[in-house]
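I opened this model to look up its sheet and the helices packed around it. My notes are below the display.

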Amino acid sequence: MTLSIPFDAVLFDCDGVLVDSEPITNGVLRDMLEERGWVLTPEECMRIFVGKAVKDERALIEAQTGAPVTDEWLRSFWERRNVQLDRDLLEIPGAPAAARALHAALGGRIACASGADRRKVELQLQKIGLFDAFDGRIFSGHETPRSKPYPDVYLAAAAALDVDPTRCAVVEDTVTGATAGVAAGATVFGYSPGGLGHSGAEALRAAGVVEVFTDMAALPAVLAAWRPRAA
C-alpha cells in the first residue's frame with residue numbers, strides 16, 4: 001500500500017534524529033573544555049550544549065574558561081570530533097528505514113537541515129548509509145545568516161525544495177531545533193525517546209511541537225495519521 005503523507009516535504013534534523021551523535025560530540029567538547037579549566041560532568045555538558053552550535057557559544061565558553069575561542073580552537077574541536085564520529089557513530093534505531101520510506105512516499109522531497117557544519121552532517125549521513133537519500137538536499141546552519149533556534153536553515157531547505165514552509169513537517173528532538181521549525185511556519189514533530197541528549201516531551205510541546213513520539217521507526221505512520229486539530 002502506498003504511504004500517503006499529508007505534507008509536501010519532510011525536513012529532518014540530523015543529530016539526535018538520524019544519528020546518535022550527541023554523546024560523542026559532547027564527550028569531545030567536555031574533554032576540551034576541561035583542558036581549559038572548565039570541568040563539567042557529561043550530564044552538565046549535554047544540558048548546556050545539546051542542540052546548539054559550539055561556534056555560537058563563544059561568549060559562554062570564554063567567560064567560563066578565560067581563554068579566547070579562536071578559529072584554530074574550533075578547527076581542533078571539529079577535527080577531534082570527526083575522528084570520534086567516524087569511529088563510533090551509530091544511527092538512531094529505525095531512522096534509515098523511516099527516511100527511505102518518506103523519500104519514496106514524497107518523490108524525494110526530504111531534506112536534512114542541521115545546525116551543524118556541513119562536513120559533520122555529510123560524514124554522519126555517509127557513516128549510516130543515508131547520504132544518497134539526502135544528496136543535494138543537505139543544509140547547514142553554518143551556511144545561513146543565523147543558526148537554530150532561528151528558522152533560517154529550515155527556510156533554506158523549503159525554498160530549495162520549492163515547497164511552502166507551512167506545508168513541511170519538521171522532525172526535531174530538542175527545544176532549540178523545534179523552536180526553529182515552528183518559527184519557519186512548519187508543523188513540528190518531536191522525537192523524545194528519553195535519556196541524555198533529547199529534550200523531554202513536555203518541553204518539546206511547550207516549544208510548539210504538535211506531536212511527540214518515541215520510536216523513529218514509527219515516524220512514517222505518525223506523519224501519515226496526523227490531521228490538524230480543529231480550532
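These entries go from the sheet to the helices.

**Entry 1, the sheet.** I am working on a predicted model. I looked up the strand order first. I find 6 strands in an open sheet, ordered β3-β2-β1-β4-β5-β6. The pairing is parallel. From one strand to the next, the twist averages 25°.

**Entry 2, β1 and β4.** How many bridges join β1 to β4? I count 4, between residues 9–12 of β1 and residues 168–172 of β4. These two strands run parallel. Within this pair I looked up L11, and I find V170 of β4 opposite L11.

Next I asked which strands helix α6 lies across. Helix α6 (residues 118–127) lies across β2 (110–114) and β3. Against β3, helix α6 runs at about 145°.

I turned to helix α4, residues 71–88. The axes of α4 and α6 come within 10 Å. They cross at roughly 10°. Angles under 35 degrees count as roughly parallel, so I record α4 and α6 as roughly parallel to each other.

Which residues of α4 meet α6? I list R81, N82, L85, D86 and R87. On the α6 side I note R119, K120, L123, Q124 and K127. I sorted the residues of this contact by class: 2 are nonpolar, 2 polar and 6 charged.

Notes: Residues numbered from 1 in each chain as written. Predicted model: local features only at pLDDT ≥ 70, side-chain atom pairs only at ≥ 80, totals over all residues. Heavy atoms only, no water. Pairing = 2+ DSSP bridges. Axes fitted to C-alpha atoms, helices over the stretch in contact; angles between N-to-C directions. Contact = heavy atoms within 4.5 Å. Parallel < 35°, antiparallel > 145°, perpendicular 65-115°, else oblique. Nonpolar A, V, L, I, M, F, W, Y, C, P; charged D, E, K, R; others polar.
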